[in-house]
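Please brief me on the salt bridges, the sheet and the surface of this structure. Keep it short and grouped by topic.

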Amino acid sequence: MMTDDALIRLDGVGKVFLAEEVETHALSNINLSIRSGEYVSIAGPSGCGKTTLLSILGLLDGPTTGRYLLDGTPAENLDASQRARVRNRAIGFIFQAFNLIGDLTVYENVELPLTYRGMGAAERKERVHESLERVGLAHRTRHYPNQLSGGQQQRVAVARAIVGKPLILLADEPTGNLDSRNGSAVMRLLEELHDDGATICMVTHDPRYSHLADRTVHLFDGQIVSEDEAQRQVLETVGP
Amino acid sequence: MEAHRGIGADSFMSPTIRNALRRLKRNPGFSFFAVATLALGIGLNTALFSVVHQVLIAPLPIPGSEGILMLTQRNPRLGSGLNSVSPAGYLALEQGLRTIDPVAAFQPIELTTIDDEQQPRLVRAAGVTPSFFRLVTPRPIRGRTLTVEDLGPAREYSSLDHGNAVFVSERLWREAFGARENLVGGSIHLDGRRVTVVGIAPEGFDFPLRTDVWLPLLFGDRASVDWGSFRLGVVGRVQPGRSLADAQVDANGVAELYRNAVPPPYEGMTFPLTTVKERLVQDLRPNLVLLFVLAGLVLLVICTNLASLFLITGVVREREFAIRVANGASPRDLLAQLTGEMAVILSLASILALATGAFGLSVLNSIMPDRVSFLWSFRLDLWSLGFCLLIATGAGALTGLWPVRRATRLDLTARLTGLGATRRSGGQGRAHAVFVAAQVALAIVIGTAAWVLTATYMQFRSADRGFEPEGVAVAELTLRRDRYPRITEQNAFLQSVLDRTRASRRVSSVAAAIRLPIVDMAGGIYVRPPGVEPDSELESIGVTFNAVAGAYFQTLSIDFLEGRGFEDLDYTGAPPVAVISRELRTMLFRDEEVIGRDLVLGPWPDQPRRIVGVAEGVAQGGYTGPPAPAVYLPYGQAEGQPLPHVYVIARGGSSADSIAADLTDAIMGLDPGVAPSDLSSLESRISRLGRPWAAATWVTTLIGLLALGLALSGVYAATSGFLVAQASEAGVRSALGAGPLRLTWFLSRRGAICLVAGLPFGLVGGMAAVRLAQTALPGADGPGMEAAVVVCGTVFLTAGIAIIRPVLSTVRRDAMGLIQHGLSGRSA
C-alpha cells in the first residue's frame with residue numbers, strides 16, 4: 001500500500017551482508033509505506049529480517065538496494081552526519097535490551113538526545129520532566145538504570161525515545177525482556193502515545209501485541225508476505 | 001555431573017593447554033604482544049637483577065675474601081678521597097688492633113723487568129708486608145710464597161728493595177718467561193737489579209689489582225713518624241665472632257691512642273674501615289641502584305601491561321565466558337582455562353626471556369670496564385628469572401581472576417541477550433581508567449628517568465674538561481732507579497727526550513708530567529700560603545700535585561688565566577716557582593692579587609715557592625666532579641724521592657699514532673732500557689677510562705628505550721582497550737543521534753580524561769626520578785623539565801594514536817552492530 005502522504009516509504013529495498021565470501025540476503029524487494037499517525041507492527045519468525053528492516057528504517061544501517069523516503073526526503077544515501085541528525089530529530093528508538101547508559105542517571109539518559117540537538121538547558125529540563133512524567137517516572141530522575149526494574153528501565157527508554165518529539169517511534173521487541181505484567185504496561189504506554197498521535201513501527205513476534213497495531217506487516221525470509229502466506233510458510237517450515 | 005567432574009579432573013591440563021594454544025594461534029596479534037612484552041621485560045629484568053645480585057648481594061667471587069677489611073686513613077684537614085694509609089698509620093694499626101689479625105700492607109708500583117726475549121717489560125708490582133701472605137693464602141703452583149726470611153735489612157725507612165726474593169704471577173711466568181720450569185730458584189731483572197723467584201702464584205691470583213710481582217716490604221725506624229705519605233693499601237681479617245662495628249670501635253681506639261703523637265696537619269686522623277666488597281662496589285653502587293630502580297619500573301610496566309591485557313581480554317571475552325557459564329562451567333573451570341592460557345604465554349615468554357637475558361648479559365659483559373670485568377663475568381641468575389616470573393605471574397593471576405569473577409557474577413540472560421550496555425560500568429570502567437592512567441604515569445616516569453640518566457652520562461663524557469686531549473700522544477715511562485737514582489738524572493733524561501722529540505717536524509709541542517688530567521687520581525700533597533700556621537683559621541688544603549717539564553700547558557691546551565707558564569729558566573735551577581689552578585687560587589686567595597705571592601707545599605715546608613701563573617682547572621680521577629685544586633712545579637724542582645713513573649706527551653699536526661712513533665724513537669734512541677709502555681693517544685686513554693660511563697650510557701639508553709617502548713605499548717593497549725570497551729555505549733549514543741564528530745569527541749574525551757589523570761602522577765614520579773639520579777650521581781644536571789615535557793608529548797602522541805583507531809572503527813560501524821557486539825564482535 002503506497003500513498004503520497006506516507007511518512008516512510010520503501011521502494012524495492014534490499015539488504016545483503018557480506019561475510020567471508022558468503023552473501024546473506026537479509027531483505028529482498030521490500031516495498032512499504034507508513035503514514036503519519038499509523039501504528040504498524042512487523043511480525044515474523046526469528047531471522048526473517050525484522051531487526052534489519054527496523055535498522056534501515058531507523059537509519060542505523062543503509063539499504064544495499066532500493067529507495068528510502070523519510071518524510072518525503074531520500075534517506076538511503078545520507079552520509080553518517082546527516083543520518084545522525086535525522087535520527088536525532090525524526091526517530092525515537094526503543095530497544096528490546098533497553099540500552100540505557102549505565103553511567104548516566106535516568107534524567108541524563110533521557111536528556112541525551114536533546115544534548116545532541118544543541119538544545120538549551122532550560123528547555124531540555126522541561127522536556128525531560130515532561131517526558132518522564134509521561135511514563136510515570138518523574139520521581140526517579142536521580143537513579144541509575146541498575147537501580148530500576150526491567151519495566152522501569154524500558155519506560156525510561158520510552159521516555160528517551162519520545163523526549164525529542166520524533167516523527168516516528170521505532171520499537172524493537174520492546175517487551176522481549178519483560179515479564180507479562182511489565183510488558184503489558186509498556187504496550188499500554190505505546191498505545192497511549194499512539195492515541196496521542198504518535199507514529200509507531202514495532203517489531204514483535206508476540207501475537208498478543210502485534211494485533212494492537214493498526215496494521216501488521218509479515219516478513220518471511222527477508223520478504224513481505226501476506227498474513228495467509230506467512231502462516232502457510234510457517235506451517236511448511238515447522239511441519240503439520 | 002560427578003562423571004563429568006571426574007573426566008575433567010583426569011584430563012585437566014591437556015585440553016586446557018590445547019585450547020590455550022589454539023586461542024593464541026587464532027589471535028596472533030595478542031599472542032605476539034603478550035609473549036614479546038613478557039619476554040623482553042622478564043629477560044631484561046632477569047639480566048639486570050642478575051647483575052645487581054652478583055655485585056651487591058652475593059659474596060665476592062674471590063675465595064677467602066669474606067671477613068677481609070680495608071683500612072684507610074682520613075685526615076680532616078687534608079680533605080677526603082685519600083683511601084690509603086701512611087707508614088706510621090699502618091704501624092699504629094698493626095700494633096694497636098685487637099679485633100683484626102693479621103693486618104697487612106701493600107704498596108702498588110710499576111716496575112720493569114727483562115723477559116726471555118730480552119725485551120723490557122712493564123709489570124705491576126706490589127711491595128707486601130710479611131703478614132700479607134698470612135692474610136691471602138694462595139697455593140703456589142711452583143715454589144712458595146714470601147716469608148719473613150726473605151726480608152733483607154731495611155736500607156730506608158720504607159722502600160721496596162729489601163731482600164732479593166720475589167713471588168710472581170702465573171700470567172707473568174707464562175707470558176714473559178715461557179712457563180719455564182727453572183724460573184723458581186732462578187733470577188730475573190727487576191728495575192735494574194737481579195732478584196730470585198721463590199714461587200709462582202696460582203692461575204688467576206693477582207691481588208691487589210692485577211699484580212704480577214710481589215716484593216717484600218719492610219719499614220725502618222723513620223716510618224713510625226711518617227704520617228703524611230699516603231702510599232699504602234692496608235687490609236686485615238676481622239677475627240671470628242667480631243663484627244665490622246667491633247673492628248671500627250677498635251680502630252677508633254687506635255686513632256685516639258695516637259691523638260697526641262700525630263703532628264700537624266695530620267692531627268684528628270681516623271681509620272675508617274670497609275669490607276673489601278664494599279670498597280670494590282662503592283663506585284658501582286649508585287649506578288647499580290639507578291639500574292635497579294629502572295629495572296623495578298620495567299617490571300612494574302610489565303605487570304601493568306599484563307594486567308591491562310587480561311582486563312581487556314576479560315571484557316572482550318565476557319560474552320564467551322557467559323556462554324561457558326551458561327553451559328555449566330564453574331569458576332574453577334574458567335580459572336583453569338585462564339591459568340592454562342597464562343601458563344602457555346608465560347612458558348613461551350620464559351624461553352624467550354632466557355635468550356633475551358643471556359644476550360643482554362653478553363652485551364653487558366662486553367662493554368664492562370676492566371675493574372668490573374676482572375671480578376665479575378655476569379651470568380644469568382635463575383633465581384632472578386624465577387623472581388621476575390613470580391611477580392609477572394602474580395600480576396597476571398590477580399588480573400586474570402577478574403574475568404572469572406565477572407563471569408560468575410554476570411546476569412547471563414542480560415549478557416547473552418545484549419543487555420550489557422544497561423549495566424553501570426562501575427568497577428570495570430574504573431579499573432580500565434586506572435590502568436590507562438597508571439600506564440601513562442609509568443611511561444612518563446620511565447621516559448624522564450631514562451632521558452635524564454642518559455643525558456647525565458653523556459654530559460659526563462662530553463663536559464668541558466679544561467684541556468684538549470684530541471691529537472695528543474702519550475708514552476708512559478718507568479724510569480729504572482739503577483739508572484736514574486735521583487730527580488736530577490730523571491730530569492736530564494726527560495729534557496733530552498723532549499729535545500729529541502721537539503726536533504720532529506710532526507711535533508709542535510712536547511712535555512713530561514707525573515700526572516695526566518682525568519687519567520690519574522686527584523690529591524697528592526697539601527699547601528698553605530707562607531706565614532699561615534697549620535692550625536690557623538685558613539687551613540691547609542689537599543691538592544693535586546703535578547711535576548711537569550717542557551710545554552705542558554701548551555701541549556694540553558690548558559688556558560692561562562694569569563701570569564705565565566714555566567720557562568726554560570725554571571727548569572734549570574732558578575728560584576722555586578709554582579703554577580696553581582683556578583680552583584686553588586679561589587680557595588687560598590679569593591680576589592687578592594696572586595702572581596708573585598708565595599706558597600708552601602707540605603713536603604717542602606722550608607722552601608716557599610713563588611706563584612708565577614694561574615691555569616684553568618682540569619678534572620682529575622675520572623669524569624665526575626668539578627676540577628680539582630692543583631699545583632704544578634717544574635720537574636727539576638720536585639726534589640725528594642725519585643718519581644718512577646712519568647708520562648711524555650706531544651701534540652702536532654699529524655695523527656696521535658705517528659707522533660707516538662716519534663716519541664718512541666726519541667726515548668729508545670736515548671735509552672733502550674727505558675720501556676715506553678702503553679703508547680696511545682690521550683683521547684683513547686680517556687675514552688678507555690670512560691668505558692664505565694660509555695657502558696652506563698649504552699645500558700641506560702637501551703633499557704630506557706626498551707622500558708619506554710614497553711610503557712608506550714602499554715599506554716597504547718590500555719587506551720585502545722579502554723575505548724573498545726566504550727563501543728556499546730557509543731552505539732547507543734549513535735542511535736540517539738550522535739554524529740561522527742560527537743562520537744569522536746565522546747571517545748576522545750573519555751580517553752583524554754584517563755591520560756590527564758595519569759599526568760600529575762607521571763610528572764611527580766619523573767621529578768622524583770630526576771632527583772634520585774642527581775642524588776646518586778653527583779654532578780648530574782640533566783634536563784629534568786625538558787625531558788618530562790618531551791616524554792609527556794611522546795606519551796600523549798602514542799595515546800592519541802591509540803585513540804584514533806577505535807574512534808575510526810566506532811564511527812565507521814553501524815550503531816546496531818556496536819550496540820549488539822561492540823568493536824570486538826562481528827557485524828551482522
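Two strands count as paired if DSSP finds at least two bridges between them. The model is predicted. Across all chains, a search of the whole structure finds 23 salt bridges. Chain A also holds an open sheet of six strands.

**Sheet in chain A**

- The strand order is E6-E7-E8-E3-E9-E10 in chain A, and the pairing is mixed.
- Strand E6 (91–94) and strand E10 (223–225) of chain A stand at the edges. Each has a single partner strand, so one side of each lacks a neighbour in the sheet.
- From one strand to the next, the twist averages 25 degrees.
- Strand E7 (residues 168–172) and strand E8 (residues 199–203) of chain A run parallel, joined by five bridges.
- Within that pair, A:Ile168 stands opposite A:Thr199 of E8(A).
- Helix H1 (residues 50–57) of chain A packs on the sheet. This helix touches strand E3 (39–43), E6, E7, E8 and strand E9 (215–220) of chain A. The direction of H1 makes about 155 degrees with that of E7(A).

- Side chains of opposite charge can pair when their charged atoms come close.
- A:Arg127 and A:Glu123 form a salt bridge, with the closest N and O atoms 3.9 Å apart. The cut-off is 4 Å, so this pair counts.
- Both A:Arg127 and A:Glu123 sit in helix H4 (residues 121–135) of chain A. They are four residues apart, about one turn of the helix.
- How exposed or buried is A:Arg127? A:Arg127 has 15% relative accessibility and counts as buried, because the limit for buried is under 20%.
- A:Glu123 is partly exposed at 39% relative accessible area.

**Salt bridges between separate parts of chain B**

- B:Asp206 and B:Arg171 meet through their side chains in a salt bridge, 3.4 Å from N to O. The pair links distant parts of the chain, 35 residues apart.
- B:Asp206 lies in the loop between strand E8 (193–200) and strand E9 (213–216) of chain B. B:Arg171 lies in helix H6 (residues 170–177) of chain B.
- B:Asp206 is buried, at 14% relative accessible area, whereas B:Arg171 is partly exposed, at 26% relative accessibility.
- B:Asp662 and B:Arg506 form another salt bridge, with the closest N and O atoms 2.7 Å apart. B:Asp662 belongs to helix H20 (residues 656–670) of chain B, and B:Arg506 to the loop between helix H16 (487–502) and strand E14 (507–513) of chain B, so the pair ties together parts 156 residues apart in sequence.
- B:Asp662 is buried, with 10% relative accessible area. B:Arg506 counts as partly exposed at 36% relative accessibility.

**Salt-bridge network in chain A**

- A:Arg35, A:Glu38 and A:Arg215 are joined into one network by salt bridges that share partners.

**Nonpolar surface patch in chain B**

- B:Leu797, B:Ile801, B:Ile804 and B:Leu808 make a nonpolar surface patch of about 370 Å².
- B:Leu797 lies in helix H25 (residues 784–812) of chain B.
- B:Leu797 is exposed, with a relative accessible area of 57%. Exposed means over 50%, so B:Leu797 qualifies.

**A buried strand residue in chain B**

- B:Thr112 belongs to strand E2 (residues 100–114) of chain B.
- The relative accessible area of B:Thr112 is 4%, so B:Thr112 is buried.
- B:Thr112 and B:Leu479 are 367 residues apart in sequence. In space, their C-alpha atoms are 8.3 Å apart.

How values were computed
Residues numbered from 1 in each chain as written. Chains lettered and ligands numbered in written order. Predicted model: local features only at pLDDT ≥ 70, side-chain atom pairs only at ≥ 80, totals over all residues. Heavy atoms only, no water. Helix = DSSP H or I, 4+ residues; strand = E, 2+ residues; numbered from the N terminus. Buried < 20%, exposed > 50% of the residue type's maximum accessible area, 1.4 Å probe, protein only. Axes fitted to C-alpha atoms, helices over the stretch in contact; angles between N-to-C directions. Contact = heavy atoms within 4.5 Å. Patch = residues over 30% accessible without salt bridge, like charges linked within 9 Å, V, L, I, M, F, W, Y side chains within 5 Å. Areas by Shrake-Rupley, 256 points an atom, 1.4 Å probe, with all protein chains shown as cover.
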